[in-house]
Amino acid sequence: MQLPPDLRPARLNALGAFAASIAHEVKQPLAAVKLHAEACLALLEHDPPRIDDARAALRVLMQASVTAGDLLRSLHGMACRAEPAPRLFDIDDAVREVLQLTRAQLRQHGIALHEHYGLDGCQLQADRVQLMQVIMNLVLNAIEARPRTLTLRTTLRHGAVRIVVADDGAGIPAGLAGSIYEPLFSTKPGGTGMGLAICRSIVQAHGGRLWHSGSAGNTAFHLSFKEYTLWTPSRS
């Protein structure tokens, strides 16, 4: 179908935004594939070969390739306005999986990681891939801020799940705090401006909230999901 001339720029902008979002989302799992493939080769070429470590690197590589496929399917569903596919999953396990995929980059940049898990087996009724997508975006943003430390914390607070990603990096420039969630807005050279816009869209689709706090050199992003989304395994 031929689009009217006045609708073509909007259509092109939408396609450009979608292409930018694909590039942004699959960049990290593909980087993890590359890093762990290189590590695996180096471990196998070691004298003697470090077989167990090479196997561990291959497992992360396989996990990263699966994650890339899951992210592409998730983005396709969002583009087609498909509803999230909620299921119960352990929140702390999902956070650990994201950190496993990003650990090589943290080491590469000399960033100390502090993990604090306080959900004690609580599960969230949500689309696991999309929530991992949000957490990964926040972790990658923190890495790009070149911090000394990255802290990831999960807690139950005021009857809701809270996930916090905090860093002591460059921070958010003054006066731009209200714009960072807008599509195609970026403070980074070469940035797509899609990461935080996608994050907020996903979180809101799950009935949650995404916001940030802190000042220059100390930034924290907060995810909060209401109590009714929680399920805690019974203890016998």
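The legends below describe close-up views of one predicted model.

Local features rest on residues with pLDDT of at least 70, side-chain atom pairs count only at pLDDT 80 or more, and totals for chains, interfaces and linings use all residues. Residues are numbered from 1 along each chain as its sequence is written, and side-chain values use heavy atoms, with hydrogens and water left out.

**Figure 1. Overview of the chain.** The chain contains five helices and eight strands, in the sequence order α-α-β-α-β-β-α-β-β-α-β-β-β. Helices (H or I, at least four residues) and strands (E, at least two) are DSSP runs, numbered from the N terminus. Of the 236 residues, 41% are buried; buried means under 20% relative accessible area, exposed over 50%, and partly exposed in between (1.4 Å probe, protein chains only). The accessible surface is about 12,700 Å², with 56% belonging to carbon and sulfur atoms; such areas come from the Shrake-Rupley method with a 1.4 Å probe, and for residues only the protein chains shown count as cover. Of the contacts (heavy atoms within 4.5 Å) between residues at least 6 apart in sequence, 72% join residues at least 24 apart.

Figure 2. Two strands pair if DSSP finds at least two bridges between them. Strand 4 (residues 149-157) runs parallel to strand 2 (residues 112-117), with six bridges, and Tyr 117 faces Thr 154 of strand 4. Strand 4 also pairs with strand 5 (residues 160-167), in the antiparallel sense and over eight bridges; here Arg 153 is opposite Val 164. These two strands form a hairpin with two residues between them, and His 158 in the turn has a positive phi of about 50 degrees.

Figure 3. Eight of the eight residues of strand 5 are buried, so the strand is largely enclosed by the rest of the structure. Ala 160, Arg 162, Val 164 and Ala 166 point one way, while Val 161, Ile 163, Val 165 and Asp 167 point the other way. Strand 5 is joined to strand 7 by seven antiparallel bridges, and Ile 163 is opposite Leu 223 in that pairing.

**Figure 4. The largest nonpolar core.** A nonpolar core is a set of buried Ala, Val, Leu, Ile, Met, Phe, Trp, Tyr and Cys residues joined through side-chain atoms within 4.5 Å. The largest has 42 residues, and those with the most contacts inside it are Ile 135, Leu 138, Val 139, Leu 152, Leu 210 and Leu 223. Elements giving two or more residues to this core include helix 2 (51-79), helix 3 (91-108) and strand 7 (218-225), while helix 4 gives the most, with 10 residues. Leaving aside residues up to four places away in sequence, Leu 223 touches residues including Val 134, Ile 135, Val 161, Ile 163 and Val 203.

**Figure 5. Helix 5 and two arginines placed over rings.** The buried residues of helix 5 (residues 195-205) include Leu 196, Ile 198, Cys 199 and Ile 202. Just after this helix, Gly 207 has a positive phi of about 75 degrees. The charged end of Arg 200 sits over the ring of Tyr 181, 3.8 Å from its centre, and Arg 209 lies over the face of Trp 211, at 4.1 Å from the ring centre. A charge sits over a ring if NZ of Lys or CZ of Arg is within 6 Å of the ring centre and within 35 degrees of the ring normal.
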